[in-house]
Amino acid sequence: MNAPLIELDDIHKVYGGIDSPEVQVLRGISLSIQPGEFVAIVGASGSGKSTLMNILGCLDRPSRGSYRFAGRDVAELDSDELAWLRREAFGFVFQGYHLIPSGSAQENVEMPAIYAGTPATERHARAAALLERLGLASRTGNRPHQLSGGQQQRVSIARALMNGGHIILADEPTGALDSHSGAEVMTLLDELASQGHVIILITHDREVAARARRIIEIRDGAIISDSAADRPPAAPTPGLQADDLRQRLDRGASLRGAWKGELVESLQAAWRVMWINRFRTALTLLGIVIGVASVVVMLAVGEGSKRQVMAQMAAFGSNILYLSGKHATSREAAGLVSLDDVAAIAGLPQVQRIMPVIGGELMVRHGNNNQSFYVGGNNTEFPHILNWPVVEGSLFTDADERSGAAVAVIGQKVKEKLLPPGSNPLGQYLLIENVPFQIVGVLAAKGASSGNQDSDERIVVPYSAAAMRLFGKHDPEYVIITAADSSRVSETEAAIAHLMRKRHQGKQDFDLTNDAALIQAEARTQNSLSLMLGAIAAISLLVGGIGVMNIMLMTVRERTREIGIRMATGARQRDILRQFLTEAVMLSMVGGVTGIALALTIGGALLLADIAVAFALPAILGAFACAVITGVVFGFMPARKAARLDPVKALTSV
Ligand code: ADP
Ligand code: MG
C-alpha cells in the first residue's frame with residue numbers, strides 16, 4: 001500500500017488577531033492525497049480554497065493542525081527545505097498567471113530550473129521543448145504583456161512542469177480565461193493527470209470540477225463532502241511514489257544549487273530591470289557617477305601637479321640653500337651677508353659649492369636692438385649649482401673673476417632677441433648699461449625643462465665685474481649654497497645658521513631657506529587641498545549610495561509580487577538576497593564605469609587646457625571599488641528586506 005503523499009489533519013487557519021478582528025478561514029480540514037490523484041476542490045468564493053492551497057503548497061503555514069508531506073511533518077522543515085518542496089515537488093498555476101513581467105516566456109519557464117541548479121544547455125532545451133509542447137514555440141521570446149491570457153496560462157503551466165511538477169497546484173486556472181482557452185487548459189491538466197502527475201485543482205465552477213476524478217467540496221473553511229469517501233482507495237499507480245520524494249527531500253534540500261547558473265541569471269535579470277527603468281536608473285546614478293568622476297579627476301590633477309613640482313625639483317636640484325640678509329628686529333637695518341661670510345661658509349665641510357649673487361634687470365644693447373634682461377653676477381660655480389651647462393663657447397674663468405673682466409655668458413632667449421639670426425655670438429660685444437661686455441659663451445635652453453619660460457632671458461657675468469661695473473656695491477644680494485649630501489640638507493642648514501650667528505654677534509639677521517622645503521610646503525598645501533576635494537567626492541559617493549538604496553527599496557516594493565513568484569517557484573531566501581544585491585552592485589558598477597569614463601573625458605579636456613593631469617591606475621581601481629562597496633553596503637538592507645518577505649503576502653500584493 002502506498003504511503004499518502006499529502007496528509008492534512010485538523011488544519012486551522014486564523015487571520016488577524018492582534019490589531020484586526022480574528023477571521024477563522026479554515027476550520028479543521030483533514031484529508032489525504034495519494035500519488036496519481038486528480039483532485040478538485042470546489043467551493044464558493046471566500047470559502048477558503050486559496051488559503052488551503054497556499055498551505056498545501058507550503059507558501060503558508062497553518063495556525064493549527066498537522067501537515068505531513070510524504071511522511072515528514074512540514075512544520076519541522078526549515079526555509080531551505082520548504083523552498084526545495086516548492087521547487088522540486090510542486091508546480092503552481094495561478095488564476096492571475098503570476099509571470100515575471102520583465103522576463104520572456106522562455107526565461108519565465110526556466111526560472112525554477114535555475115534555482116534547482118540545472119545546467120544552462122539542459123535548461124534551455126527543456127524550456128523550449130515544454131513551450132513547444134504547449135503550442136508556444138513561436139512565442140518563446142515574448143514578454144507576458146505581449147501574450148494573450150490563454151498563452152500566459154500555458155507559459156505558467158510550462159513553468160510548473162519545468163522541474164518535474166509532480167504535484168500541480170492550480171488555483172482557478174481557468175478563472176480569467178475565455179471558454180475556449182479555458183477548455184484548452186483543462187485538456188492539458190487532464191493529459192498531465194493521465195501521465196501520473198498529481199493534480200490539485202481549485203475552482204468555484206462545478207463543471208470544471210467534474211473533470212477531476214475526486215471532488216472535495218468546502219464551505220466556510222470546512223469540508224462538506226469528499227467523493228473519495230464513497231470509493232475504495234485508489235489502486236497503486238506506477239510513477240512517482242511518496243517514498244521517492246521523501247528520500248529526495250532528505251537528501252536534496254540541503255544541496256546548494258549551481259551558483260554559476262544563478263549568478264548568470266541574476267546578472268541578466270539585474271541588467272534587464274536596469275534597462276527597463278533606464279531613465280530612472282540614470283538619474284539615480286548621477287550621485288555615484290559624480291562621486292567616482294570627481295575622485296578620479298582630483299587625484300589625477302593632484303598627481304599631475306605633484307609630478308610637475310618633482311620635475312622642477314629635479315631641474316634645479318633639491319640640495320640648494322639660499323642665504324640672504326634680513327632685519328633681525330624691525331628697528332635695525334637689514335643684516336648683510338658679506339663676501340667674508342661667504343668665504344667662511346665655503347670652509348664648512350657640509351658645504352659643497354657656494355656662489356654669491358648680485359643682479360637685476362638692466363638695459364642691454366646690441367647694434368640697434370635694445371631690451372632689458374636680468375643680469376646676474378655669479379662665480380664659476382654657476383653651471384654646477386644650477387645644473388645649467390654652457391653649450392657654446394665657455395664660462396668665464398676664475399682669472400676673469402679675480403680681474404673683474406667684462407665678459408658675459410648669455411641665455412638662449414637673449415641670443416634670439418638681440419643678435420642677428422645665424423650670426424656667431426662668441427666674441428661679439430653687448431652694451432650693458434653702456435658698459436661693453438664681450439660674449440664668451442651661450443647657456444643651454446632651460447625653460448623647457450624647468451617650466452619657467454623666462455629663465456632663458458638672462459645674462460651671467462663674473463661677480464666682481466657685476467659688483468664694480470654694473471651695480472656699484474660689494475655685498476651679494478643673496479648666496480646660493482649646495483649641500484654636499486642632498487639627504488642631509490637640514491643638517492647643512494643648521495651648520496650654516498650656527499656659523500652665521502657666531503659671525504654676526506648672535507643676531508638672527510639672515511634668512512636661510514631651501515628649495516626642497518619650499519617645494520615640500522607647496523606639496524603639503526596641495527595635499528590638503530586634494531584631501532578636501534576628496535572629502536567632497538566622498539560625500540557625493542555617499543549621496544550616490546543613498547540613491548542606490550532608494551532605488552533598491554523602490555524596486556523591492558514594486559516587485560514584491562515578483563519576489564513572491566520567485567519564492568513560489570522555489571527560490572531560497574539567499575537566492576532572493578543575492579538577486580537584489582546583484583542588482584544593487586551592478587547598478588553601482590555601471591555608475592562607477594560611467595564615472596571613470598567621465599573622469600577620463602574631463603582629464604582629456606584638462607590636458608588640452610594645459611593643466612597637468614596624471615591618471616593613476618590604483619586611484620581608478622580604488623574609486624571603482626568604492627562604488628561597488630557602496631552598492632553592497634546600501635543594497636544590503638533592501639535586499640534583506642526582499643529576502644525576508646512572506647511568500648503568500650508577496651504573491652498577493654498588488
Ligand atoms: P477562496 O479562494 O475560496 O475564494 P480565500 O481562501 O482566498 O477564499 O479566502 C477565504 C477567506 O479568508 C475570505 O473571507 C478572505 O476574506 C479571508 N482572507 C484571506 N486572506 C486573508 C488575510 N490575509 N487576512 C484576513 N483575511 C483573509
Ligand atoms: Mg481563491
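1. The shell of ligand 1. Ligand 1 is surrounded by Tyr15, Val25, Ala44, Ser45, Gly46, Ser47, Gly48, Lys49, Ser50 and Thr51. The model discussed in this note is a predicted one, and the remarks that follow should be read accordingly. Sorted by class, the shell around ligand 1 holds three nonpolar residues, six polar residues and one charged residue. Among the elements of the fold, helix H1, which covers residues 49–56, gives the most to this shell, with three residues.

2. Polar contacts to ligand 1. A polar side-chain atom of Thr51 lies 2.5 Å from an oxygen atom of ligand 1. In the case of Lys49, a backbone N or O atom is placed 2.8 Å from an oxygen atom of ligand 1. For Ser47 a backbone N or O atom is again involved, and its distance from an oxygen atom of ligand 1 is 3.3 Å. Of the 560 Å² that ligand 1 exposes when taken alone, the protein buries 57%.

3. Helix H1. How many of the eight residues of H1 are buried? Seven of the eight are buried, so H1 is largely enclosed by the rest of the structure. The buried residues of H1 are Lys49, Thr51, Leu52, Met53, Asn54, Ile55 and Leu56.

4. H1 is followed by Cys58, whose phi is positive. The value is near 60°, in a residue other than glycine. Cys58 is located in the loop between H1 and strand E4, the latter comprising residues 64–69.

5. Asn387 belongs to the loop that runs between helix H12 (382–385) and strand E14 (390–393).

6. Helix H9 and Ala269. Ala269 has its place in helix H9, which spans residues 259–276. The relative accessible area of Ala269 is 3%, and the residue is buried. Which residues does Ala269 contact once its neighbours within four places in sequence are left aside? The partners are Arg566 and Gln579.

7. Helix H20 and Glu583. Glu583 is situated in helix H20, made up of residues 573–608. At 5% relative accessibility, Glu583 counts as buried, because that value is under 20%. Leaving aside neighbours within four places in sequence, Glu583 is in contact with Ala270, Val273, Met552, Thr555 and Arg559.

8. Helix H5 and Gln151. Gln151 forms part of helix H5, which consists of residues 149–161. With a relative accessible area of 14%, Gln151 is likewise buried. Apart from its neighbours within four places in sequence, Gln151 is in contact with Leu136 and Arg139.

9. The chain as a whole. The protein chain contains 22 helices and 20 strands. Its radius of gyration is 44 Å, well over the 26 Å that the globule rule gives for 654 residues, so the chain is more spread out than a compact globule. Along its principal axes, the C-alpha trace spans about 135 × 55 × 40 Å.

10. Buried residues make up 49% of the 654 residues in the protein chain. Of the contacts with a separation of 6 or more, 77% are between residues 24 or more positions apart. The protein chain exposes about 30,000 Å², and carbon and sulfur atoms supply 56% of that area.

Note on methods
Residues numbered from 1 in each chain as written. Chains lettered and ligands numbered in written order. Predicted model: local features only at pLDDT ≥ 70, side-chain atom pairs only at ≥ 80, totals over all residues. Heavy atoms only, no water. Helix = DSSP H or I, 4+ residues; strand = E, 2+ residues; numbered from the N terminus. Buried < 20%, exposed > 50% of the residue type's maximum accessible area, 1.4 Å probe, protein only. Contact = heavy atoms within 4.5 Å. Near = heavy atom within 4 Å. Polar contact = N/O pair within 3.5 Å; in protein donor to acceptor, adjacent residues only side chain to side chain. Areas by Shrake-Rupley, 256 points an atom, 1.4 Å probe, with all protein chains shown as cover. Nonpolar A, V, L, I, M, F, W, Y, C, P; charged D, E, K, R; others polar. Rg over C-alpha atoms; globule rule 2.2 N^0.38 Å.
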